[in-house]
Each structure stands twice: as C-alpha cells, then as structure tokens.
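Good morning, everyone. Please have a look at the screen while I walk you through this one.

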Amino acid sequence: MLWLEENRKKIIINELLHWKKSRMLPDQYCDYLLALYTEGSQPKEIKKRKNTVVLYLANLIFLLMIPISALLIYFTELSITLQTVILILFISACIFFIFYFSRKVKMIHIPIISAALILLMGSVGFVSEIYPNNERILYVSLVINCVLWLYAGLKRKFLYLWISGALGFFLIVISIFI
C-alpha cells in the first residue's frame with residue numbers, strides 16, 4: 001500500500017508540474033500544491049534538453065541573420081526588390097518567433113534585437129538605394145526606426161530597446177544640427 005501511495009504522489013506531482021509549465025494554474029497555486037504534496041521539498045522540474053537545444057539553435061540562427069542581412073544589403077549585386085523580399089522574410093521569421101514563444105520561453109530578446117537591426121539595415125539600404133541624394137528621407141527613416149524602438153521598449157518594458165531608441169534619436173538630432 002505504501003508503494004501505491006508513493007506512485008499516486010508522483011502522478012499528482014508530475015501533473016502539477018505540467019499544469020505549472022502550461023500555465024493552467026497560476027504559479028502561486030502550483031507552488032503551494034507542490035509544497036503540500038512534496039512535504040516542503042520542491043521537486044526539480046524536469047527540463048527537456050531537446051527543447052533547450054532547439055531554442056539555442058533558433059537563437060543562433062537569428063544571430064546569424066544579422067550578418068547575412070548586412071552581406072545581402074552591402075556586398076551583393078542583388079536587385080533591391082529581392083533584397084527587400086529576403087529581409088522581409090527574415091523580419092517575419094523573427095516576429096513569428098517572438099509572438100509564438102513569448103508566453104512559453106523567456107529567450108525572446110535575441111529575435112527582438114535581430115528584427116530591430118535587420119529592419120534598421122533594410123530601411124537604410126532601401127532608402128539609400130531609392131533616394132540616393134536625399135538625406136531628409138534617410139533621417140525620417142532613421143527617426144521612424146528609433147520611434148519604433150522607443151514604443152516597443154515602453155510597451156514591452158525592455159530597457160535596452162528604450163535606451164537604443166532614445167540614444168539613436170539623440171544621435172540623429174546631433175547629426176542634423178552639426
């Protein structure tokens with residue numbers, strides 16, 4: 001009978017860990033119930049190595065998208081249309097990853113940074129190609145990027161985006177007047 005009781009506790013503990021992971025119950029409730037069933041000794045949550053490897057590989061791919069984008073824009077003879085399409089695909093992949101995994105994992109910062117930098121490089125490359133001698137449009141494009149970074153930083157409470165947007169806007173103002 002003691003074995004049956006231990007097996008029942010393991011099943012309940014595993015179910016509570018699943019509920020906590022999938023956010024079926026608030027964390028406080030799950031922690032309380034886990035403390036109750038484990039008699040104060042919290043079990044180590046079972047981490048799936050496969051999921052972390054996939055997340056690290058995805059983040060590596062997003063980090064590699066930045067230099068690939070720079071190579072596409074500045075060092076290839078591709079048409080501006082093809083460059084724009086490829087950069088839109090890169091940004092879309094970053095945004096998809098951000099929204100899909102934002103509630104599941106806390107490693108969304110690298111895709112956010114990648115999307116912001118690719119958008120900046122793409123908009124500067126596009127404006128420089130379409131309007132090669134017009135600095136005003138380039139400044140407007142840079143200001144739009146900085147405003148997007150400020151807005152995203154304030155809305156999602158990411159300090160690095162807010163600082164980047166404010167610093168970029170400040171540097172643009174200095175560049176215009178000096």
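**A walk along the chain**

We have seven helices in this chain, and zero strands. Keep in mind that this is a predicted model. Reading along the sequence, you get the pattern α-α-α-α-α-α-α. The chain has 178 residues, and buried residues make up 28% of them.

Is Leu34 buried or exposed? Its relative accessibility is 0%, so Leu34 counts as buried. Now look for Lys20. In sequence, Lys20 and Leu34 are 14 residues apart. In space, their C-alpha atoms are 9.9 Å apart.

Next, aromatic rings. How many aromatic pairs does a search of the whole structure find? It finds three. Take Phe96 and Tyr100, one of these pairs. Their ring centres are 5.6 Å apart and their planes meet at 15°, so this pair is stacked. Planes under 30 degrees apart count as stacked, which is why 15° qualifies. Where do these two residues lie? Both are in helix α4, residues 80-101. They are four residues apart, about one turn of the helix. Phe96 has 55% relative accessibility, so Phe96 counts as exposed. Tyr100 has a relative accessible area of 42%, so Tyr100 is partly exposed.

Here is another pair: Phe158 and Tyr160. The ring centres are 5.6 Å apart, with the planes at 15°, so this pair is stacked too. Phe158 has a relative accessible area of 13%, so Phe158 is buried. Tyr160 comes to 27%, so Tyr160 is partly exposed.

Which residues form a positive patch? Arg23, Arg103, Lys155 and Arg156 do. Pick out Arg156 first. Arg156 belongs to helix α6, residues 135-156. With a relative accessible area of 39%, Arg156 is partly exposed.

Step on to Lys157. Lys157 is in the loop between α6 and α7. Lys157 is exposed, with a relative accessible area of 73%. There is something to notice in the backbone as well. Most residues other than glycine have a negative phi. Lys157 is not a glycine, and yet its phi is positive, about 60°.

Last stop: a nonpolar patch on the surface. Its members are Leu154, Leu159, Trp162, Ile163, Leu167, Phe170, Leu171, Ile174 and Ile178. Together they have about 950 Å² of accessible area. Which helix gives the largest share of this patch? Helix α7, residues 159-177, gives seven residues. Take Ile163 as one example. Ile163 is in helix α7. Its relative accessibility is 42%, so Ile163 counts as partly exposed. To join a patch, a residue needs over 30% relative accessible area, so Ile163 clears that cut-off.

Let me recap quickly. The chain has seven helices and zero strands. Leu34 in this predicted model is buried, whereas Lys157 is exposed. Two of the pairs we visited are stacked: Phe96 with Tyr100, and Phe158 with Tyr160. The surface carries a positive patch that includes Arg156, and a nonpolar patch that includes Ile163.

Terms used
Residues are numbered from 1 along each chain as its sequence is written. This is a predicted model: local features need pLDDT of at least 70, side-chain atom pairs count only at pLDDT 80 or more; totals for chains, interfaces and linings use all residues. Side-chain values use heavy atoms; hydrogens and water are left out. Patches are made of residues with over 30% relative accessible area and no salt bridge: like charges are joined within 9 Å, nonpolar side chains (Val, Leu, Ile, Met, Phe, Trp, Tyr) within 5 Å. Accessible areas come from the Shrake-Rupley method with a 1.4 Å probe; for residues, only the protein chains shown count as cover. A salt bridge is a side-chain nitrogen of Lys or Arg within 4 Å of a carboxyl oxygen of Asp or Glu. Lys and Arg count as positive and Asp and Glu as negative; His and the chain ends are not counted. The place of a charge is taken as NZ of Lys, CZ of Arg, CG of Asp or CD of Glu. Helices (H or I, at least four residues) and strands (E, at least two) are DSSP runs, numbered from the N terminus. Buried means under 20% relative accessible area, exposed over 50%, partly exposed in between (1.4 Å probe, protein chains only). Rings of Phe, Tyr and Trp (its six-membered ring) pair if their centres lie within 6.5 Å; planes under 30 degrees apart count as stacked, over 60 as edge-to-face and the rest as tilted.
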